[in-house]
Amino acid sequence: MHRRAVFWAVLAVLLSLGAVWASHRGPVPVPVVAQAAGHCVLPVAVMRREHMMLLRRVREAVVRRDVHDGRLRLTRCISCHAQRNAAGVALAVNARGQFCASCHAYVGVRPDCFACHAARPEGVGPGGFGGTVPGPLPVAAAAVMPHAQTAAGLSEGGP
Amino acid sequence: MSGIGLEPDSDQPSEPADATRRKLLALAGTAVALTLAPGVTVWARDLVARRDREGAPRAKVRYGLLIDARRCHTDCSACVRACEQYNGLRRRPGPDNAQWIRKVTVTDPQTGVTRSFPVMCQHCEHGACVDVCPTGASFRRPDGIVLVDKHRCIGCRYCLMACPYKARSFVARNVRDQKPWAPRGKGTAEGCTLCVERVVAGKLPACVAACQRAGHGAMVFGNLHDPQGALAKRLAAVTTETIRADLGMGPSVHYRGI
């Protein structure tokens, strides 16, 4: 009786291990992030690491104090990074496989920006709301963002 | 003033207990005022505005409106439609219906005279919404525009209750297809923004532009604090009033003929 129970227990463990092995598909593939045309306002490595801090900082400045550089705006990010379908219609950046969603799904972090903010550009001009993006931020502008500086220092070895 | 608290106790006993208590209370009041004042920017701005009533220097810009109820047509709602269209509000009767601006028709029961005019956020100098907000989400910009910082809004709806103009609404369901310039989402309070991004860009608010397009010209937008501006000149020339002026909140929206 006792040996029978052990037999079934071992069989159950083996079967579940087999099921896990059969369903295992290897590591989650690193997402292919859609590339926007032109250049970002800050180096890509800085943006990847610091974009959430920058957005938080900018939102305070824009909403409450109405002082901002004008280049770092969520609407501008979306204008550049929203992909367009064959018909030229802008796709939402938080849609499956799109710019924001591809990375955020990979790292398992859900941004709540788009509960309120529009996820696709709208308005006049090819750049959408706010027009086209000017050149990269000067070093002086990055100096007021200590996070950005830190990130630039950390990422000198590569992305 | 700082010396009062450091005085040795031996000086005090000769005074009656009542006087000592009064002195202590006065000292406590001073301390609170001093501690609070430097840290809180919004209050500091408010204090500047309060001094304005007493004739001290005031902010250079305070955006406001003059609405001429005699020119506003009862059957015209161009301003309301323009606001809905520009800010991406959907007309849906019921609890989801956002009212950033609405038309109000009033009739004097004694004389029967009827007036129709739009009412929106009055962008008060001392708004009750700013007072009651527990998180500082309701705030008044230095240029006088009262906004909801939805990053800080917790959806408590105190401002909806507090506003005597019923200018705030609450977003109770998920919102889709917002306009990039008008973020709005579930669980936050919202209200007229005076089209702040248009105003900053030197344009008229959508409602005012629509009223002009409709040919009524019942709304004048401008800087209340610019004596040479069209709005201030007009306000100086004609008799106007504000709604519920008795509440002392100092609305930026003035009405004529109501």
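How many residues of chain B are in contact with chain A, and how many residues of chain A do they meet? In this predicted model, 19 residues of chain B are in contact with 15 residues of chain A. Let's walk through that interface and then look inside chain B.

**The interface**

Together, chain B and chain A bury about 1600 Å², with 51% of it on carbon and sulfur atoms. On the chain B side, the residues that lose the most area to chain A are B:His151, B:Gln178 and B:Pro180, which together make up 34% of what that side buries.

Polar and charged groups take part as well. The rule finds three salt bridges across the interface of chain B and chain A, along with seven residue pairs in polar contact, both partners at pLDDT 80 or more. By class, the side of chain B that touches chain A has nine nonpolar, four polar and six charged residues.

Here are two cross-chain pairs with their distances.

| Chain B residue | Chain A partner | Distance |
|---|---|---|
| B:Lys179 side chain | A:Glu122 side chain (salt bridge) | 2.8 Å, N to O |

**A look at B:Gln178**

Where does B:Gln178 sit in chain B? You will find B:Gln178 in the loop between β6 (169-170) and β7 (189-190). Is B:Gln178 buried or exposed? Its relative accessible area is 7%, under the 20% cut-off, so B:Gln178 counts as buried. Leaving aside residues up to four places away in sequence, B:Gln178 touches A:Phe114, A:Ala115, A:Cys116, A:His117 and A:Ala118 in chain A, and B:Arg184 in chain B.

**Inside chain B**

Now to helix α7 of chain B, which spans residues 206-213 and is mostly covered, with six of its eight residues buried. Those buried residues are B:Ala206, B:Cys207, B:Val208, B:Ala209, B:Ala210 and B:Cys211. What do the buried residues of α7(B) pack against? Their neighbours in chain B are the strands β1 (63-68), β2 (101-107) and β8 (219-223), and the helices α3 (78-87) and α6 (196-200). Just after α7(B), B:Gly215 adopts a positive phi of about 85 degrees.

Strand β1(B), one of the elements packed against α7(B), also pairs with β9(B) in the parallel sense, over four bridges. Within that pairing, B:Tyr255 of β9(B) is the bridge partner of B:Ile67. Strand β9 of chain B covers residues 253-256: B:Val253 and B:Tyr255 point one way, B:His254 and B:Arg256 point the other way, and all are buried.

Notes. Residues numbered from 1 in each chain as written. Chains lettered and ligands numbered in written order. Predicted model: local features only at pLDDT ≥ 70, side-chain atom pairs only at ≥ 80, totals over all residues. Heavy atoms only, no water. Contact = heavy atoms within 4.5 Å. Buried area = accessible area lost by both parts, 1.4 Å probe. Salt bridge = Lys/Arg side-chain N within 4 Å of Asp/Glu carboxyl O. Polar contact = N/O pair within 3.5 Å; in protein donor to acceptor, adjacent residues only side chain to side chain. Nonpolar A, V, L, I, M, F, W, Y, C, P; charged D, E, K, R; others polar. Helix = DSSP H or I, 4+ residues; strand = E, 2+ residues; numbered from the N terminus. Buried < 20%, exposed > 50% of the residue type's maximum accessible area, 1.4 Å probe, protein only. Pairing = 2+ DSSP bridges.
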